[in-house]
Amino acid sequence: APLTTSWLDANGRTLRADRYADYADHLVAFLRHWRDDLGLPVAAWGLCRSPSTPLTMPQAITPAAARDLTTIVGRALRDAGLETRLLAGGDAIIAE
């Protein structure tokens, strides 16, 4: 689900914490569209780097930020009645 660059940090690599809820709302709308309009429910969604991001440009997220993002997005999915599971990690880098 593409997002606006104004939601990213100054480096343009990481979702800003004050935009987690906006991202969650955007993702809910995206997943509802796929389920309701296209008949394609999404079973799982990964909270990690876009496949188009070069591997030489890692995205760093702290463990606390990963927890917060997962909590906010997970709550939004549940409240929307979506059964999409969240996958965390992937090739995203967890910074200490």
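This report describes the aromatic ring pairs in the structure above.

The model is predicted. It contains two aromatic pairs. The rings of Phe30 and Trp34 have centres 5.9 Å apart, and their planes meet at 45°, so this pair is classed as tilted. Both Phe30 and Trp34 belong to helix α1, which covers residues 20-37. They are four residues apart, about one turn of the helix.

A further pair joins Phe30 to Trp45. The ring centres of Phe30 and Trp45 are 5.4 Å apart and the planes stand at 65°. Because planes over 60 degrees apart count as edge-to-face, the pair of Phe30 and Trp45 receives that label. This pair links distant parts of the chain, for Phe30 lies in helix α1 while Trp45 lies in strand β1 (residues 44-47), 15 residues apart.

Through these ring pairs, Phe30, Trp34 and Trp45 are linked into a cluster. The table gives the accessibility of each residue.

| Residue | Relative accessible area | Class |
|---|---|---|
| Phe30 | 23% | partly exposed |
| Trp34 | 33% | partly exposed |
| Trp45 | 16% | buried |

Buried means under 20% relative accessible area. Trp45, at 16%, is therefore buried. Phe30 has a relative accessible area of 23% and is partly exposed, and Trp34, with 33%, is likewise partly exposed.

Terms used: Residues are numbered from 1 along each chain as its sequence is written. This is a predicted model: local features need pLDDT of at least 70, side-chain atom pairs count only at pLDDT 80 or more; totals for chains, interfaces and linings use all residues. Side-chain values use heavy atoms; hydrogens and water are left out. Rings of Phe, Tyr and Trp (its six-membered ring) pair if their centres lie within 6.5 Å; planes under 30 degrees apart count as stacked, over 60 as edge-to-face and the rest as tilted. Helices (H or I, at least four residues) and strands (E, at least two) are DSSP runs, numbered from the N terminus. Buried means under 20% relative accessible area, exposed over 50%, partly exposed in between (1.4 Å probe, protein chains only).
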